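Please examine the sequence and the structure shown below before reading on.

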Amino acid sequence: MQSAWRVMDCTQLRGKLRYVRGRLRVCREDEDPVEIPLAQIAVILLGQKATCSTALLFELAEHGISVMLCDWRGIPVGALHSWSASPTFVTRRQHAQVSMSVPRQKNAWMQIIKAKVRGQAHCLDLCEKSGGNELRELAKSVRSGDLTNIEGQAARKYWQYLFGEEGFRRVPGAGEGRNSQLDYAYAVLRGFVIKSICSAGLSPVFGVEHHNRSNYFCLADDLIEPYRPAIDCRVAQLDIQGSSLGKDEKTALVQAVHSQFNGGLTIPSSIDEFAQQFGLYCESKERVLTTPIFGGQDEKG
């Protein structure tokens with residue numbers, strides 16, 4: 001059984017993975033090999049440019065290590081899980097995730113929406129727009145499960161304050177102007193959230209608020225919410241003209257997703273931590289879900 005939770009990100013690896021006496025040997029091109037004990041590894045993210053043998057895959061299965069097969073974006077498209085009789089971190093965590101009580105799910109959604117609305121207020125402040133204090137007051141009204149739909153109330157005010165002078169109306173998939181910029185940036189952000197969820201040993205299928213049989217990434221659509229205001233702020237500050245998105249515009253939006261979150265970790269690194277926090281919450285190792293807030297301390301309780 002694994003003694004540590006370690007995720008090996010080999011999505012960008014150009015080289016070979018090998019098994020050597022209870023250890024994973026990572027052989028990069030033009031670099032000295034690195035060895036990691038299999039007992040320390042829980043998940044391996046495997047990209048298209050790395051090679052490995054079936055002998056290694058057999059040993060990974062024997063040690064209960066899950067292998068996530070990722071596309072060129074680093075987003076998992078499939079997985080190899082062990083049938084070993086020993087419970088792994090992944091199986092235990094996903095069982096806890098599926099078994100999570102409705103009250104705990106509703107409490108998690110409350111924390112997520114409170115963080116999102118507070119982040120929207122901070123976005124307005126940074127963009128020198130009015131309305132920040134109004135949204136902060138709304139955030140105080142969020143209750144378990146957000147039954148009064150504070151999220152929707154805040155969104156209507158938020159978009160009016162942020163882009164109202166442009167005659168903007170938020171319509172996902174509209175395909176032009178600010179809508180197309182936000183859609184593209186959110187799609188990139190969502191890819192990182194999916195990757196973090198899989199790396200944390202969680203199933204992206206089972207969300208706390210989003211439940212749709214045709215959506216394989218319900219949990220991603222839950223955990224992405226606190227990070228949207230950070231992306232909105234970057235989009236508002238970018239000087240992108242016109243309705244079409246060319247190569248330069250897309251590059252700027254990708255860089256926005258890679259920017260710092262609260263002046264510390266990058267947004268992708270913060271998402272990694274949040275996914276791990278959610279995993280601990282599922283396992284009841286955390287009483288309340290600690291949720292990142294754009295422009296503030298992480299929300300807990």
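## Terms and basis

A pocket is found on a 1 Å grid over the protein atoms alone, as an open set of points with protein on both sides within 12 Å along at least five of seven lines, whereas a cavity is a set of points where a 1.4 Å probe fits but cannot get out; lining residues have an atom within 4 Å of a point. Grid points are joined across faces, edges and corners, and a volume is the space filled by probe spheres set on the points.

The model is predicted: local features need pLDDT of at least 70, side-chain atom pairs count only at pLDDT 80 or more, and totals for chains, interfaces and linings use all residues. Residues are numbered from 1 along each chain as its sequence is written, and side-chain values use heavy atoms, with hydrogens and water left out.

## The second largest pocket

The second largest pocket has a volume of about 300 Å³. Its lining comprises 15 residues, and K116, R170, Y186, E225 and R228 lie nearest its centre. Helix 3 (102-126), helix 5 (150-163), helix 6 and helix 8 (228-237) each supply at least two lining residues; helices here are DSSP runs of H or I with at least four residues, strands are runs of E with at least two, and both are numbered from the N terminus. Helix 5 gives the most to this lining, with five residues.

By class, the lining divides into six nonpolar, two polar and seven charged residues. Ala, Val, Leu, Ile, Met, Phe, Trp, Tyr, Cys and Pro count as nonpolar, Asp, Glu, Lys and Arg as charged, and the others, Gly among them, as polar.

## The largest pocket

About 440 Å³ of space lies in the largest pocket. Of its 17 lining residues, W72, R73, I75, V188 and F192 are the closest to the centre. Helix 6 (residues 177-199) contributes the most to this lining, with eight residues. The lining has eight nonpolar, five polar and four charged residues.

## Salt bridges

The whole structure holds 15 salt bridges, each being a side-chain nitrogen of Lys or Arg within 4 Å of a carboxyl oxygen of Asp or Glu. One of them joins E225 to K116, with the closest N and O atoms 2.8 Å apart. This pair links distant parts of the chain, 109 residues apart: E225 is in the loop between helix 7 (218-223) and helix 8, and K116 is in helix 3. Both E225 and K116 are buried, that is, under 20% relative accessible area, with exposed meaning over 50% and partly exposed in between (1.4 Å probe, protein chains only). A network of salt bridges links K116, E151, E225 and R228.

E134 and K157 form another salt bridge, with 2.9 Å between the closest N and O atoms. E134 lies in helix 4 (residues 132-139) and K157 in helix 5, so the pair ties together parts that are 23 residues apart in sequence. E134 is partly exposed at 32% relative accessible area, and K157 is partly exposed at 32%. E166 pairs with R178 at 3.2 Å between the closest N and O atoms. E166 is partly exposed at 41%, whereas R178 is buried at 14%.

## Residue R28

R28 is located in strand 3 (residues 23-28). With 37% relative accessibility, R28 counts as partly exposed. R28 touches L13, R14 and V34, not counting residues up to four places away in sequence; contact means heavy atoms within 4.5 Å. The C-alpha atoms of R28 and G173 are separated by 41 Å, and the two residues are 145 residues apart along the chain.
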